[in-house]
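These are my notebook entries from a first reading of the structure.

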Amino acid sequence: MASQTQVSGAEPARASWINDPKFRGIFFQLVVAAAIIAFVWWIVGNTTENLRRANIASGFGFLNGRSGFDLSQSLIAYSSNSTFGRALVVGLLNTMLVAVTGIITATIVGFIVGIGRLSKNWLIARICTVYVEVFRNIPPLLVIFFWYLGVLSVLPGPRDSVDLPLGSYLNNRGLFLPRVIWDQAAWVIPVSIAAAIIAIVAIGIWARRRQAATGRIFPMFRVGLAIFIGLPVITYFLAGSPATVELPELSTFNIRGGWTIRPEFLSLYLALSFYTASFIAEIVRAGVLGVSKGQSEAAYSLGLSPRRTLRLVVVPQALRIIIPPLTSQYLNLTKNSSLAIAVGYADLVAIGQTTMNQTGQAIEVVAIWMVVYLGLSLLTSGFMNWYNAKMALVER
Amino acid sequence: MNKLLVGILGGAVMALGVSAASAQTLNDVKSAGSVKCGVHTGLAGFAAPNDAGEWAGFDADFCRAVAAAVFGDGEAVTFVPTNATERFTALQSGEIDLLSRNTTWTLSRDTTLGLTFAGVNYYDGQGFMINSTALPDINSALQLSGAAVCVQSGTTTELNLADYFAANNMEYNPVVFQGFEETNAAYEAGRCDAYTTDASGLYALRLTLANPDEHVVLPEIISKEPLGPAVRQGDDQWFNVVKWSLYAMIQAEELGVTQDNLEEMLNSENPEIRRILGQEDDSTIGEGLGLENDWVVNIIREVGNYGEVFDRNIGAGSPLAIARGLNALWTDGGLQYAMPIR
């Protein structure tokens with residue numbers, strides 16, 4: 001009885017230290033930490049010992065060795081005299097290229113299809129539904145094969161290329177586009193684009209202030225677009241057209257000159273974009289449906305047009321629902337880009353495998369892959385978290 | 001940071017390595033009851049499943065020869081198909097005991113991959129194949145500047161290709177795949193103008209194309225590709241078993257011992273034949289290797305001598321019809337030469 005009184009009182013019973021929850025907590029955490037350290041220690045020792053015993057070279061010194069192989073696509077200068085390290089950087093850039101272009105396209109297509117599924121037009125809504133259901137339910141690897149083997153491989157050879165407008169060609173070696181070669185005076189173009197952006201931002205601030213003060217609405221989108229396109233175009237002609245166009249031409253084997261987009265990149269890019277877009281479409285649809293109907297009704301009753309209701313009331317609220325799942329789709333797309341290996345696109349995994357095979361340094365190359373994909377994923381989710389925080393409901 | 005990662009990954013990669021790295025391969029093979037042999041995923045004439053679903057070919061028969069030497073049974077082989085990039089890891093990790101897969105012997109492979117080549121069973125060189133209907137004017141590899149070339153990644157072929165085009169100031173556009181099948185499919189679909197690999201591989205591949213007559217192998221051989229079986233480093237006993245199995249096959253051809261005349265040869269008066277077939281009194285021909293004294297007899301009975309294996313799979317008696325060339329016996333002006341078995 002006496003003990004019960006003590007327990008219910010303000011002072012807890014002074015039990016043995018074995019039963020002290022605080023002590024127990026610390027004790028078990030220490031045990032787990034020690035076990036993990038011992039496990040890692042054992043693994044490192046075991047690996048080092050086995051590598052040494054099997055006479056397998058280890059360490060990252062191989063990155064400075066001459067690679068000896070060529071790559072089909074590179075964003076930076078690369079030849080077979082470059083190092084393995086540079087080859088891996090080329091692979092990383094190729095991975096990022098397909099990931100970034102894929103994310104942009106998937107987002108645009110996904111938003112269009114997602115909104116399309118909500119359309120009151122029966123045909124548009126059904127087409128969008130079929131698109132989503134088809135692409136969402138096929139493994140991404142098959143989508144890549146579909147584009148590579150089903151669409152791009154069956155195109156005619158270089159001699160029977162499909163002629164496209166503006167001197168472009170399409171054949172089973174890729175898409176050949178004219179390339180613009182800028183003269184020295186072309187520096188004015190980027191400058192004019194920068195000037196256009198600054199002007200648009202300035203006009204935007206002015207328009208918002210004017211609207212706050214007088215309530216008059218400025219047609220910002222149209223004016224902005226006109227400045228963004230018009231200023232660089234006018235500058236281009238004022239500077240005396242400082243650019244020439246190199247057209248692709250047929251040579252012995254292939255089409256030369258111009259700007260080539262290889263079928264390996266094209267199939268991977270298209271597959272990843274259209275596959276991921278089907279998921280983004282569903283996320284967008286869920287986001288828009290997640291905004292209660294009362295919100296748009298309230299906006300209409302205030303006299304806002306349907307378009308302005310969508311832009312000012314529905315989309316900002318829908319974005320809060322859309323962004324978090326969108327982040328994981330972006331991460332998925334980046335990671336799925338490693339399927340490049342199936343069609344021979346020189347991404348980080350493909351070049352890593354070649355490096356692994358030429359040097360035999362499997363553990364090091366796998367470590368590099370893991371660190372790089374982890375880094376890319378953390379960067380993407382870091383950016384998306386920042387954007388999400390910016391978009392979150394500002395509570396007053 | 002690096003050490004930690006190496007450790008974590010190492011745990012996964014080398015978990016099997018504890019037993020694999022031990023120098024007891026022969027005992028492990030004997031207790032497992034079969035030789036785990038890494039072969040090509042499907043290269044006609046070298047290693048490919050036949051109509052009956054059995055692995056057949058020059059490299060597959062070498063696996064059988066080693067199994068015959070160890071067990072007296074050429075079928076005591078577990079075939080493990082490996083692609084170009086995973087073959088060395090499979091050997092390092094102990095997944096296979098023997099790699100018999102058109103693998104070129106190079107310095108860096110010998111010194112950094114933890115493996116040892118047990119000899120050369122095929123002297124090869126790298127060549128190019130083109131579709132002569134699509135490219136009728138091309139009759140030399142030196143005319144290939146600007147071509148798209150299909151090549152399998154992780155091979156010495158890929159490196160020789162880069163060196164050859166650089167040395168001749170020619171440009172090319174590599175189209176690189178991991179798998180043999182993907183590379184072939186890309187070539188057949190017209191993704192590339194030329195296909196490059198070892199000449200033996202080109203002849204084998206050509207047979208599997210839809211219209212073999214449309215494709216020609218260009219005359220240039222741009223590299224030396226000595227192909228041979230490889231084993232893990234650090235196990236001299238197993239290394240000896242594999243190495244001498246190959247020499248026994250070559251020596252048997254030199255002595256004229258074949259699958260057909262084996263029974264007669266067992267009663268031969270020729271002391272050299274009696275010695276290698278273990279017919280001498282108190283023969284110790286298998287002792288040093290940890291094998292029975294009739295190990296050579298078993299090899300010949302199960303697969304035949306080097307010449308028979310060559311003819312049956314890739315030589316005159318096969319659709320590939322590759323000439324012996326460098327692979328003739330040294331007595332016929334070739335390079336195949338066995339160390340004396342005594």
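In which strand of chain A does L250(A) lie? I looked it up and found L250(A) in strand β6, residues 249–250 of chain A, where helices (H or I, at least four residues) and strands (E, at least two) are DSSP runs numbered from the N terminus. Before going further I noted that this is a predicted model, in which local features need pLDDT of at least 70, side-chain atom pairs count only at pLDDT 80 or more, and totals for chains, interfaces and linings use all residues. Residues are numbered from 1 along each chain as its sequence is written, while chains are lettered from A and ligands numbered from 1 in the order in which they are written.

**Entry 1: L250(A).** I find that L250(A) is partly exposed, with 15 other C-beta atoms within 10 Å; a residue is buried if 20 or more other C-beta atoms lie within 10 Å of its own, exposed if 12 or fewer, and partly exposed in between, with C-beta atoms placed from the backbone. Leaving out residues up to four places away in sequence, I see L250(A) touch P158(A), R159(A) and I255(A), contact being counted if the C-beta atoms of two residues, placed from the backbone, lie within 7 Å. I also looked up V151(A), which is 99 residues from L250(A) in sequence and 22 Å from it in space, C-alpha to C-alpha.

**Entry 2: loop residues of chain B.** I looked up N102(B) in the loop between β5 (98–99) and α6 (107–112) of chain B, and noted that its phi is near 30°, a positive value in a residue other than glycine. N102(B) counts as buried, with 26 C-beta neighbours inside 10 Å. D282(B), in the loop between α12 (271–276) and α13 of chain B, also has a positive phi, near 55°, and is a residue other than glycine, but D282(B) counts as exposed, with 5 C-beta neighbours inside 10 Å. N261(B), from the loop between α10 and α11 (262–266) of chain B, is exposed as well, with 12 other C-beta atoms within 10 Å.

**Entry 3: helix α8 of chain B.** Which residues of helix α8 (residues 180–188) of chain B are buried? I wrote down E182(B), T183(B), A186(B) and Y187(B). Seen down the axis of α8(B), these fall within an arc of 135°, so they line one face of the helix; the arc is that of the directions from the helix axis to the C-beta atoms. They pack against β9 (147–152), β10 (172–177) and β11 (194–198) of chain B. Just after α8(B), I noted that G190(B) takes a positive phi of about 85°.

**Entry 4: helix pairs.** Two packed helices are described by the angle between their axes and the distance between the axes. In chain A, the axes of α3 (residues 84–117) and α4 (residues 122–136) come within 7 Å and cross at roughly 125°; axes are lines fitted to C-alpha atoms, for helices over the stretch in contact, and angles run from 0 to 180 degrees between N-to-C directions. I therefore list α3(A) and α4(A) as oblique to each other, since angles under 35 degrees count as roughly parallel, over 145 as roughly antiparallel, 65 to 115 as roughly perpendicular and the rest as oblique. V113(A), G116(A) and R117(A) of α3(A) meet residues of α4(A), among them I124(A), C128(A) and V132(A).

In chain B, α10 (residues 236–255) and α13 (residues 295–302) pack at an angle of about 70° with their axes 10 Å apart, which makes α10(B) roughly perpendicular to α13(B). Here I noted that S245(B), A248(B), M249(B) and A252(B) of α10(B) meet V296(B), I299(B) and I300(B) of α13(B).

Back in chain A, the axes of α10 (residues 306–336) and α12 (residues 362–391) come within 10 Å and cross at roughly 165°, so α10(A) is roughly antiparallel to α12(A).

**Entry 5: between the chains.** How many residues of chain B are in contact with chain A? I recorded 47 residues of chain B in contact with 42 residues of chain A. On the side of chain B that touches chain A, α1(B) gives the most, with 12 residues.
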